[in-house]
Amino acid sequence: MWTATDPSESAQLVIPDGCIDLLWHAGNLLVAGPDTRAHTTTWSADSWTGLRLRCGIGQHIIGVPAHEIRDQRVPFAELLSASEARRFHTIVAASNDAGTALEHIARQRLTEPPDTFGEVVFTMLQQGTKVSGLAAALGLSTRQLHRRCRDTFGYGPKTLGKILRFNQALSLSRSAHSLGDAAAQSGYADQAHLARDARSLTGRTVTSLLA
């Protein structure tokens with residue numbers, strides 16, 4: 001769960017993390033799809049509340065394959081029946097705690113436990129497993145793995161692995177690790193490899209992101 005507000009309305013950079021978010025802002029219920037590149041947004045004086053749906057879970061709650069809303073922000077109502085859209089909007093609008101209301105909606109939409117595919121892929125890619133090894137472990141061809149990952153995460157396993165690795169390196173760098181150590185511990189060949197991914201995913205250098 002997260003909230004954001006900025007009376008100065010300054011621009012903020014949102015970095016891809018492999019997740020889908022349910023958002024409530026200015027009386028609107030929105031879905032933020034999985035991003036392939038960072039984008040700039042402005043937190044206005046009106047508060048934003050978001051529920052970040054862990055990698056692989058969002059698809060089951062929004063009800064459509066994740067790649068259909070990749071790099072998009074769409075009204076949740078467009079993915080729901082008219083009656084369900086009205087009911088969910090009323091739940092959040094009438095609540096004194098938008099975050100709790102978003103959690104309630106997510107639980108209602110997750111009518112049965114999802115299969116373990118998303119969790120296994122997420123965990124193995126975080127551990128640095130190669131795509132070929134992941135496919136073999138799951139008993140899938142690389143093409144089957146790519147298709148299922150697009151539905152579940154919004155993009156293929158190679159892109160997801162790149163995003164997870166980059167976020168891990170940023171997290172380590174913020175924890176007083178040197179860039180070289182952060183790159184090595186995150187599975188990069190060297191610091192230059194990390195720098196290339198930073199440019200590719202965000203259009204910025206790692207040092208400017210950390211600053």
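**Cysteines, sheet and helices**

Guide: The sulfur of Cys 19 lies 4.4 Å from the closest cysteine sulfur, which belongs to Cys 55, and this is too far for a bond. The model is a predicted one.

Visitor: How do you know how many disulfides the structure holds?

Guide: A disulfide requires two cysteine sulfur atoms within 2.5 Å. For Cys 55 the nearest cysteine sulfur, that of Cys 19, is 4.4 Å away, and Cys 55 is in no disulfide. The structure holds zero disulfides.

Visitor: What makes the arrangement of five strands a sheet, and in which order do they stand?

Guide: Strands of a sheet pair through backbone hydrogen bonds, either parallel or antiparallel. Here the order is E1-E6-E3-E4-E7, the pairing is antiparallel, and the sheet is open. Strand E1 (2-4) and E7 stand at the edges with a single partner strand each, so one side of each has no neighbour in the sheet. From one strand to the next the twist averages 25°.

Visitor: How do you know that E3 and E4 are paired?

Guide: Pairing calls for at least two bridges between the strands. Strand E3 (residues 20-25) and E4 are joined by five bridges and run antiparallel. Within this pair, Leu 22 stands opposite Val 31 in E4.

Visitor: What joins E3 to E6, and what joins E4 to E7?

Guide: E3 and strand E6 (residues 48-53) pair in the antiparallel sense over six bridges, and His 25 stands opposite Trp 48 in E6. Helix H3 (residues 98-109) packs on the sheet, where it touches E3, E4 and E6, and its direction makes about 35° with that of E6. Three bridges join E4 to strand E7 (residues 73-75), again antiparallel, with Leu 30 opposite Pro 75 in E7. Each of these bridge counts meets the requirement of at least two, so the strands count as paired.

Visitor: Why is strand E4 described as largely enclosed?

Guide: Four of the five residues of E4 (residues 28-32) are buried, so the strand is largely enclosed by the rest of the structure.

Visitor: What makes the phi of Ala 26 worth a remark?

Guide: Most residues other than glycine have a negative phi. Ala 26 is a residue other than glycine, yet its phi is positive, near 50°. Its place is in the loop between E3 and E4, in a hairpin with two residues between the strands.

Visitor: Which residues have the most contacts inside the largest nonpolar core?

Guide: They are Val 121, Leu 145, Leu 160 and Phe 166, in a core of 29 residues. Helices H4 (117-126), H5 (131-138), H6 (142-153), H7 (157-174), H8 (179-185), H9 (191-202) and H10 (206-210) each supply at least two residues of this core. H7 gives the most, with six residues. A second, separate core of 23 residues includes Ile 20, Leu 80, Val 92 and Leu 102.

Visitor: What describes the packing of H4 and H5?

Guide: Two packed helices are described by the angle and the distance between their axes. For H4 and H5 the angle is about 145° and the axes are 11 Å apart. The contact is made by Phe 117, Val 120, Val 121, Met 124 and Leu 125 of H4 with Leu 134, Ala 137 and Leu 138 of H5.

Methods. Residues numbered from 1 in each chain as written. Predicted model: local features only at pLDDT ≥ 70, side-chain atom pairs only at ≥ 80, totals over all residues. Heavy atoms only, no water. Core = buried A, V, L, I, M, F, W, Y, C linked by side-chain atoms within 4.5 Å. Buried < 20%, exposed > 50% of the residue type's maximum accessible area, 1.4 Å probe, protein only. Axes fitted to C-alpha atoms, helices over the stretch in contact; angles between N-to-C directions. Contact = heavy atoms within 4.5 Å.
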